[in-house]
Amino acid sequence: MASAQHNGELYLPTDPEILKEQNYYLNLLYDFNQLRPSDSDQRQRLMEQLFGDLGEGCYIESPFHANWGGHHVHFGNYIYANFNFTAVDDTHIYVGDHTMIGPNVTIATAGHPVLPALREQEYQYNLPVHIGSNCWLGAGVIVLPGVTIGENTVVGAGSVVTKDLPANVVAVGNPCKVMRPISEKDQQYYYRQRQIEWSKIQLKKG
C-alpha cells in the first residue's frame with residue numbers, strides 16, 4: 001500500500017497503517033502552527049522534524065497546511081513560503097533553492113478518479129511535483145499533481161498550473177500558459193516602467 005502511494009497507482013488513503021503515520025506528522029504540524037513568530041528555535045526544530053528535507057535558511061509563515069505535515073516536502077536552501085501555504089503532500093514535492101511561495105499557494109500531489117464509482121470507494125492517486133530553483137509562485141497559485149516548473153520561472157498570481165512550465169519564463173492564467181521569456185528588459189525594469197537602480201543593489205556572493 002505504501003508503494004502505491006508514491007508510484008501513481010490507485011490506492012486507499014484510509015488504510016490504518018497510512019493513517020497512523022500521517023496523524024503523527026499532523027500532530028507535529030498542529031504544534032508548529034501554535035507557535036509565536038518569536039519562537040524561532042522551536043519553529044526550526046519542528047520544521048526539521050516535519051519536512052522530508054529542509055535546507056538552510058528556510059522560513060514558513062503560519063499557518064502552514066499539509067496533508068502529511070510536510071513529511072513528503074523537500075526544500076532546498078533559502079526558501080520562503082508566505083501565509084496559508086498548502087502542501088497536499090500525499091507524495092513528494094521538491095522545491096529548489098531560493099524559490100519564493102506567495103500567500104495562499106497550493107501545491108497538490110493528490111488526485112481522485114473521475115469515475116464516480118471509484119471516488120465513492122475513496123480511491124486516490126498521487127503524482128510528484130517538481131519546482132526548480134529561484135522560482136516565484138505568486139499569491140493564490142495552484143499547482144496540480146505531476147507538474148514540473150523549470151528554474152527561474154515566475155508564475156503570476158491566481159494561476160492554475162495544469163501542465164509543465166519551462167525554465168526562464170513568466171507564465172500566467174487558468175490554465176497557466178507561458179506569456180513571455182525572462183529577457184534583457186527584466187535587467188532594466190523590476191515592475192512595469194520602474195527602473196532598477198543597480199548602483200543601489202547589493203548582490204550577495206555565491
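In which loop is T99 found? T99 is found in the loop between β7 (93–95) and β8 (100–101), where strands (E, at least two residues) and helices (H or I, at least four residues) are DSSP runs numbered from the N terminus. The views below show a predicted model, in which local features need pLDDT of at least 70, side-chain atom pairs count only at pLDDT 80 or more, and totals for chains, interfaces and linings use all residues. Residues are numbered from 1 along each chain as its sequence is written, and side-chain values use heavy atoms, with hydrogens and water left out.

View 1. T99 is buried, with a relative accessible area of 1% (buried, under 20%; exposed, over 50%; partly exposed, in between; 1.4 Å probe, protein chains only). Leaving aside neighbours within four places in sequence, T99 is in contact (heavy atoms within 4.5 Å) with Y78, I79, Y80, I131, G132, S133, N134 and C135. The side chain of T99 reaches two backbone nitrogens, that of N134 at 3.3 Å and that of C135 at 3.1 Å.

**View 2. Residues with positive phi.** N134, whose backbone nitrogen is reached by T99, has a positive phi of about 60 degrees although it is not a glycine. N134 is found in the loop between β12 (129–131) and β13 (136–137) and is partly exposed, with a relative accessible area of 45%. E122, also not a glycine, has a positive phi of about 70 degrees. E122 lies in the loop between α4 (116–120) and β11 (125–126), and its relative accessible area of 44% makes it partly exposed.

**View 3. The largest pocket.** About 1,600 Å³ of space lies in this pocket; the volume is the space filled by probe spheres set on grid points joined across faces, edges and corners. A pocket is an open set of points, on a 1 Å grid over the protein atoms alone, where a 1.4 Å probe fits, with protein on both sides within 12 Å along at least five of seven lines; lining residues have an atom within 4 Å of a point. The lining of the largest pocket comprises 32 residues, of which M100, N134, W136, V154 and D186 lie nearest the centre. Two or more lining residues come from each of β16 (154–155), β18, β19 and β20 (189–191), and β20 gives the most, with 3 residues. By class, the lining has 18 nonpolar, 8 polar and 6 charged residues (nonpolar: Ala, Val, Leu, Ile, Met, Phe, Trp, Tyr, Cys and Pro; charged: Asp, Glu, Lys and Arg; polar: the others, Gly among them).

**View 4. Cis peptide bonds.** The peptide bond from S62 to P63 is cis, with omega near 0 degrees. P63 is found in the loop between β2 (59–60) and β3 (64–66). A cis peptide bond also joins N174 and P175, with omega about 0 degrees. P175 lies in the loop between β18 (169–172) and β19 (177–181).

**View 5. Q22 in helix α2.** Q22 lies in helix α2 (residues 16–33) and is buried, with a relative accessible area of 13%. Beyond neighbours within four places in sequence, Q22 is in contact with N67 and W68.

How values were computed: Polar contact = N/O pair within 3.5 Å; in protein donor to acceptor, adjacent residues only side chain to side chain.
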